[in-house]
Amino acid sequence: MALLTPLFAFLYHLPQVYKWLLKPYYVASLFMSVAFLAVRKTPGICDHLATQREDGNSCDFDWREVEILMFLSAIVMMKNRRAITVEQHVGNIILFSKVANVMLFFRLDVRMGLLYLTLCIVFLMTCKPPLYMGPEYIKYFSDKTIDEELDRDGRVTWIVEFFANWSPECQSFASVYADLSLKYNCSGLKFGKVDIGRYGEVSKKYKVSASPLSKQLPSLVLFQGGKEVMRRPQVDKKGRAVSWSFTEENIIREFNLNELYQKSKKLNKTKGGLGDKAGLTQFPPVPEEEEPEQEGADAQGEEVESKKDK
């Protein structure tokens, strides 16, 4: 099952995977992930490589290289068990493929290992994964607007994501959070985001660490009446986040989104009802006696005309 589940997920999202793979970031990552395979299997290049195979075939993997690949494949499967999106599955495969390439190139030739490692560092510094650009009902806060928005209306419940653009976990979670906002956003339940990698004061005030070692990114915080009610993940005494999976099902269950949404809809109806009643009181009611009086006037007019005819 550990092998079948990622395979079925990959096949289900295959059309989206094609779109991602066509983006420059993933195209370059794909070439870097298969670099050692290409060098080891390409005729004319592999003939000049060293090998520990007994048959002397330098164009095939030796037993140590197979061992390294199998070990890292097992790590990828373990990491992907906790992956919640296809982006995370693909990202884990690319990341550990590059790690395997570094190890294999250094084992083959130190010069080739240094060259490949340099390319990886340059790629990491110059190329960033594409950000989520799909539909969403999310308000982005700054350090000057977050307090004002949370305190504007005490009846509004806010779910705020504290994130950083450099965090791979935040990038993977973006599509999940956007889908939740499309399903549950209303005037009484709103979704927001604030980049604590950019606004350090917000990070200190709301006690969300932006350090990669704290594992607190992303963090979801529920605010009611401008005050924090709960957050996920929780933080222990040492300042490290308690392990928690950011799946859509977990968020709906932990934050009681269905119940919050129903209460917010009732709040909307209450606002609408008050608005309708207020609208009715602005205009005087139409008198009901208008029509009979008009009919009486018509009748008198007919009697006068009949007397004239006589």
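How many aromatic pairs does the count come to? The count comes to 13 aromatic pairs; rings of Phe, Tyr and Trp (its six-membered ring) pair if their centres lie within 6.5 Å. The legends below take up some of these rings, then other local features.

This is a predicted model, in which local features need pLDDT of at least 70, side-chain atom pairs count only at pLDDT 80 or more, and totals for chains, interfaces and linings use all residues. Residues are numbered from 1 along each chain as its sequence is written, and side-chain values use heavy atoms, with hydrogens and water left out.

**Figure 1. Overview of the protein.** The protein has 13 helices and 5 strands. Helices (H or I, at least four residues) and strands (E, at least two) are DSSP runs, numbered from the N terminus. Of the 310 residues, 35% count as buried. Buried means under 20% relative accessible area, exposed means over 50%, and partly exposed lies in between (1.4 Å probe, protein chains only). Contacts are heavy atoms within 4.5 Å. Among contacts with a separation of 6 or more, 64% come from residues 24 or more positions apart. The protein exposes about 20,200 Å², with 60% of it supplied by carbon and sulfur atoms. Accessible areas come from the Shrake-Rupley method with a 1.4 Å probe; for residues, only the protein chains shown count as cover.

**Figure 2. The aromatic pair Phe162 and Tyr206.** A pair of aromatic rings is described by the distance of the centres and the angle of the planes. Planes under 30 degrees apart count as stacked, over 60 as edge-to-face and the rest as tilted. The centres of Phe162 and Tyr206 are 5.6 Å apart and the planes stand at 45 degrees, so this pair is tilted. The pair links distant parts of the chain, 44 residues apart: Phe162 is in strand 2 (residues 157–163), and Tyr206 is in the loop between helix 10 and strand 4. Phe162 is buried, at 0% relative accessible area. Tyr206 also counts as buried, at 12%.

**Figure 3. An aromatic cluster, and a charge over a ring.** Ring pairs join Phe173, Tyr177, Phe191, Trp244 and Phe246 into a cluster. In another close-up, the charged end of Lys193 sits over the ring of Phe163, 4.6 Å from its centre. The rule asks for NZ of Lys or CZ of Arg within 6 Å of the ring centre and within 35 degrees of the ring normal.

**Figure 4. Backbone exceptions.** Most residues other than glycine have a negative phi, and most peptide bonds are trans. Lys207 has a positive phi of about 55 degrees, and Lys215 has one near 60 degrees. Lys207 is exposed at 68% relative accessibility; Lys215 is exposed at 54%. A cis peptide bond joins Leu217 and Pro218, with omega about -5 degrees. Pro218 is in the loop between helix 10 (200–205) and strand 4 (219–224). Arg232 to Pro233 is also cis, with omega near 0 degrees. Pro233 sits in the loop between strand 5 (227–232) and helix 11 (248–254).

**Figure 5. A nonpolar surface patch.** Leu117, Ile121, Leu124 and Met125 make a patch of about 410 Å². Patch residues have over 30% relative accessible area and no salt bridge; like charges are joined within 9 Å, nonpolar side chains (Val, Leu, Ile, Met, Phe, Trp, Tyr) within 5 Å. A salt bridge is a side-chain nitrogen of Lys or Arg within 4 Å of a carboxyl oxygen of Asp or Glu. Ile121 belongs to helix 7 (residues 110–126). Ile121 is partly exposed, at 43% relative accessibility.
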